[in-house]
Amino acid sequence: MKTTRRSGILMHITSLPSDEGIGTLGRGAYEFGDFLKKTGTCIWQTLPIGPTGYGESPYQSTSTFAGNPMLIDLNALFEEGILDKRPPQNTPCAHVDYQAVREEKVPLLKRAFELSYEKLKPEISAFRQKNDWVEDYALFEAVREKFDFVKWSDWPDDGIKKREKKSLEKYSEELKEAVEFNVFNQFLFDRQWEKLKFYLNVNGIKLFGDMPIYVAEDSADTWVNPGLFRLDRDMRPVKVAGVPPDYFSADGQRWGNPCYDWRAHKKQGYSWWVKRMKGAAQRFDIVRIDHFIGFANYYSIPAECPTAREGKWKKGPGKDLFKAIKKGVPQLEIVAENLGVVNNRVKNLLKWTGYPGMNVLQFAFGADVTNGALPGNIKKQCFYYTGTHDNATTFEWWQSASKEEKSLAKKALGLKPGDDVVDRMILAVLFSRASTAIAPMQDFLGLGAEARMNTPGTVGGTNWRWRMSKDALTPELAARIKKLNKQGERGIK
């Protein structure tokens, strides 16, 4: 792990300004990269970039390998001649309306497919050879659409659910055009992503991605590899993931993702995980593995239980998995999301891997002076945040903090009357010993509850929908962040 002092901004692609109703891999992304360079910030952290599933959550994707077609920039397709007319220029909006975006973008992507598939066929063929997952994913999405997007475990018992050869051949032929369209979209996504990543890297900026530990039940991953998950003969989960009841939730959290069959993974030498990490290494310079705790010990809930009350802790794969990952993907910089109940087994695994963990400043202000998230207790090998996508924005947190929390924060941060609390918390993270300091874009903008990205344990509402205003990236803001980076002795040299 490099010890160079770095800073980053957490900003999901969907939150970027654009006139397409959602942030894309187009001009807004390049402008954000230019903004990062001006501020001296060398890391851009995103959330998972796969096709969103249940509740539009990027953590419930229909594929761990695919990119979200809704992030494809249509204006760029027009400028390249892949699309024959410029897409409608929508009025900038503060939140993503995912259904409206799909209704507008899908027909235009189909138009691009009709116009340009044949002339791009040689490049698409090369893409297919390089990405063997794309055939199964494309068929999965085509069949899913045919059956009105019901879960694959509810597909007809004609052999497609269990991937019988004759049935796969039948649907591949019947849905050939839809399959080709899905491959085409993945090709376009990959092409735009590679161009953006190259541009950022040339300008000294690393892309930092996020990998959920679990995959969605309704995903190409479970359909293609049912033996790697705890599923029954009808392809339905037997055990699902979550976390136990605690102070914040009397019923715990039942996430619903199928648990892994770690014995089956071990028999295969963890090849699926190595392939997954290799895919992440192609897209990102740094990857955060979400819920790292689950590799040491995971919470297994009987699928028939409506809450997490009946779950039990089980041992995870531990070192065996990471031996395979280190051997298969030695070049990838990995960060462990180790927030939560960290027992000795988790601590020992983290120490053995050598991966840096995380700390969040908002969690620092309890009564315990040994709290590892306090600025004075932060270790060098650490990614230190003001907050994450699952937290309130720092401004919102301060407004709702208890008197005790505010008192402890004032003391720890040296707050004086008239100080900007959000700026002081950002400075505390930047000034800390942590090798990498990161704050969400919402904190740099001083935004409140209206800009919160996600509230854990809830579905729908404003989750995953926040978007930054088109005029937010001002020269004054760039100068302020650059000054903060300079004070914290961080950033692009």
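Two strands pair if DSSP finds at least two bridges between them. Helices (H or I, at least four residues) and strands (E, at least two) are DSSP runs numbered from the N terminus. The model is predicted: local features need pLDDT of at least 70, side-chain atom pairs count only at pLDDT 80 or more, and totals for chains, interfaces and linings use all residues. Residues are numbered from 1 along each chain as its sequence is written, and side-chain values use heavy atoms, without hydrogens and water.

Strand 1 and strand 12 (residues 436-440) run parallel and are joined by five bridges; Leu 10 has Pro 440 as its bridge partner in strand 12. The open sheet has eight strands in the order 9-6-3-2-1-12-11-10, with parallel pairing. Strand 9 and strand 10 (357-360) stand at the edges with a single partner strand each, so one side of each has no neighbour in the sheet.

Helix 11 (residues 319-328) has Leu 321, Phe 322, Ala 324 and Ile 325 as its buried residues, where buried means under 20% relative accessible area (1.4 Å probe, protein chains only). Seen down the helix axis, they fall within an arc of 155 degrees, so they line one face of helix 11; the arc is that of the directions from the axis to the C-beta atoms. Elements covering these residues include the following.

| Element | Residues |
|---|---|
| Helix 8 | 262-267 |
| Helix 9 | 271-283 |
| Strand 6 | 286-289 |
| Helix 10 | 293-296 |
| Strand 9 | 333-336 |
| Helix 12 | 344-353 |

Leu 16 sits in the loop between strand 1 (6-10) and helix 1 (27-39) and is buried, at a relative accessible area of 0%.

Terms used:
Buried means under 20% relative accessible area, exposed over 50%, partly exposed in between (1.4 Å probe, protein chains only). Contact means heavy atoms within 4.5 Å.
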